Amino acid sequence: MFNFDIETTKETTEFDTVQLWDFLIIGGGPAGLNAGLYAKRKGLKVGIIAVDIGGQLHNTTDVDNYLGFSLVQGKELSDSFLKHVTDLDVPILKQTRVTAISKFDAGFLVKTDKFQDFRTKTLLISTGGQPRKLRIPGEKEFANKGVSYCTICDAPFFKDKHVIVAGGGNSAAESVLDLVPWAKKITVVHRSQWRADKILLDKLDKLDNLDIHLQTQILEIIGDEKMTGLRVLDKTTNEERVISADGLFIEIGTVPNSKFVEGFVKMNDNNEILVDDQQMTSVEGVFAAGDITLQPYKQIIISAAEGAKAALAAMTYLNHK
Amino acid sequence: MNKLLNEEVTNQVKEFLKPMKEAITFVLFTKSGECITCEETRALLNEVSALNDLISLVEKDLEINSDEASLFDVTLAPSFIILDKDGVYQGVKFNGIPAGHEINSFLTAVLDMSGLDYQLDPAIIERLSKIDKDVNIKVFVTLSCPHCPGAVSKAHRLAMLNSHVNAEMIEAQTFSALSQKYNVSGVPKIVINETHELTGNQPLEAFLDELERL
């Protein structure tokens with residue numbers, strides 16, 4: 001009944017602005033937190049700057065593919081990560097957004113949206129991603145007028161309604177399951193084939209109020225004051241049709257939060273940061289880990305592992321410098 | 001009725017409230033007859049106020065005590081406001097029970113009102129001090145929304161820092177008619193002075209941008 005998420009009302013914790021950090025981590029999701037853990041254990045002067053803790057773990061109800069946990073709430077997993085890191089006294093500057101990074105003689109200058117700048121010898125970019133948009137007509141117009149990017153937040157508004165879930169990965173399948181207690185009917189629309197785990201698809205098979213339209217592309221969200229449906233293209237018959245619905249939950253993956261390092265590190269066409277096998281970016285001493293990198297499988301355990309790898313690689317880099 | 005807060009949560013809340021500095025008062029408005037979550041909200045406020053000597057609870061009836069209700073512009077039940085150490089209403093109001101994720105905005109408001117410094121950027125305080133029009137901020141939430149408490153706390157802090165501003169959480173399911181009136185189908189939805197809207201847990205700067213446009 002209660003979901004705790006606070007330890008202090010302070011916008012900032014003790015966070016040294018003067019010292020030269022060994023390893024500064026930007027981002028408080030699984031990659032950043034695990035990097036903090038590994039770096040601290042190695043004895044590095046490490047700190048984490050984050051807008052929020054847990055990142056996208058907060059957008060999901062259940063996690064059932066993190067080794068060691070058959071079923072855990074996203075929030076609970078995030079809390080246990082945070083506790084592990086704070087038990088080691090890794091300083092965390094919360095509710096702070098990094099706006100720019102630049103190079104100076106001894107390392108890097110990290111600018112934030114607060115009135116503080118920080119200096120560090122090496123750094124990790126692990127700012128993750130945010131929900132990807134369809135980028136089709138009507139999406140902006142009907143945002144929060146039927147169109148939603150957070151199923152657990154907005155599902156209650158669609159009680160006894162017909163809703164569509166856009167997407168074919170695990171998040172889309174989870175979204176369907178989160179909507180089951182509320183919606184009268186759920187329709188999945190996806191432009192290609194399912195990518196979700198079989199174990200989730202088996203659960204969907206058991207639903208009797210679920211319609212699935214694969215190979216179907218969403219062209220436009222239509223409506224008046226609120227959305228009333230979608231115009232879609234059936235790619236197998238090449239025919240357009242309209243699916244009437246009261247809501248659309250968009251679960252088509254994420255886009256990287258990498259705008260603040262545009263031009264600083266090399267990225268691919270999707271704005272994902274390029275890294276080598278040591279998680280190092282195109283700039284020596286700057287590492288990246290988690291959903292922000294070009295690594296295609298956006299998974300909690302992979303992000304956490306990349307964070308660990310980046311911290312160990314930063315240690316090696318500092319030792320050989 | 002069983003206790004709302006189990007032993008573990010009770011201990012967490014108690015620990016969390018330890019840094020409170022000054023006394024505060026909850027003024028709760030309920031009504032007789034059908035009232036979704038009135039009982040639960042009363043229980044929550046009773047249980048939380050029992051955990052720290054600095055908190056007191058006053059209960060009112062929305063209809064019988066209509067004078068007090070209009071004094072604090074309370075029109076819904078359950079609804080409660082938090083008064084500061086001098087009994088002054090700083091514009092911090094909750095409509096509906098702050099359970100689920102909203103326990104965070106509730107306890108944050110308690111600590112903030114009890115005199116804790118939340119170390120805002122001086123630039124933000126400077127901008128806020130220049131707002132001299134009356135501002136009402138409504139933040140619609142669902143209890144399953146992890147992004148909502150952040151938006152509620154920011155709105156409440158703006159209210160505490162500027163006497164022209166008042167801010168209220170509205171639990172969208174309890175007050176579904178009101179949610180429909182404001183076309184809420186995604187949360188957090190922030191409505192400022194009936195005309196300006198924001199969605200999502202926006203930074204304080206985004207609130208201020210809207211406030212400056214009024």
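The dialogue below turns to the interfaces.

Reply: This is a predicted model, in which local features need pLDDT of at least 70, side-chain atom pairs count only at pLDDT 80 or more, and totals for chains, interfaces and linings use all residues. Residues are numbered from 1 along each chain as its sequence is written, chains are lettered from A in the order in which they are written, and side-chain values use heavy atoms, with hydrogens and water left out.

Me: How many residues of chain B are in contact with chain A?

Reply: Contact means heavy atoms within 4.5 Å. By that rule, 39 residues of chain B touch 30 residues of chain A.

Me: What area is buried between chain B and chain A?

Reply: Buried area is the accessible area (1.4 Å probe) that two parts lose on being put together, summed over both. Here the value is about 2,900 Å², with 61% given by carbon and sulfur atoms. Asn104(B), Gln119(B) and Ser185(B) supply 19% of the area that chain B buries against chain A, more than any other three residues.

Me: How many salt bridges does the rule find across the interface of chain B and chain A?

Reply: A salt bridge is a side-chain nitrogen of Lys or Arg within 4 Å of a carboxyl oxygen of Asp or Glu. Between chain B and chain A there are zero. Within chain A, one salt bridge crosses the interface of domain 1 and domain 2. Lys203(A) forms a salt bridge with Asp64(A), their closest N and O atoms being 3.9 Å apart.
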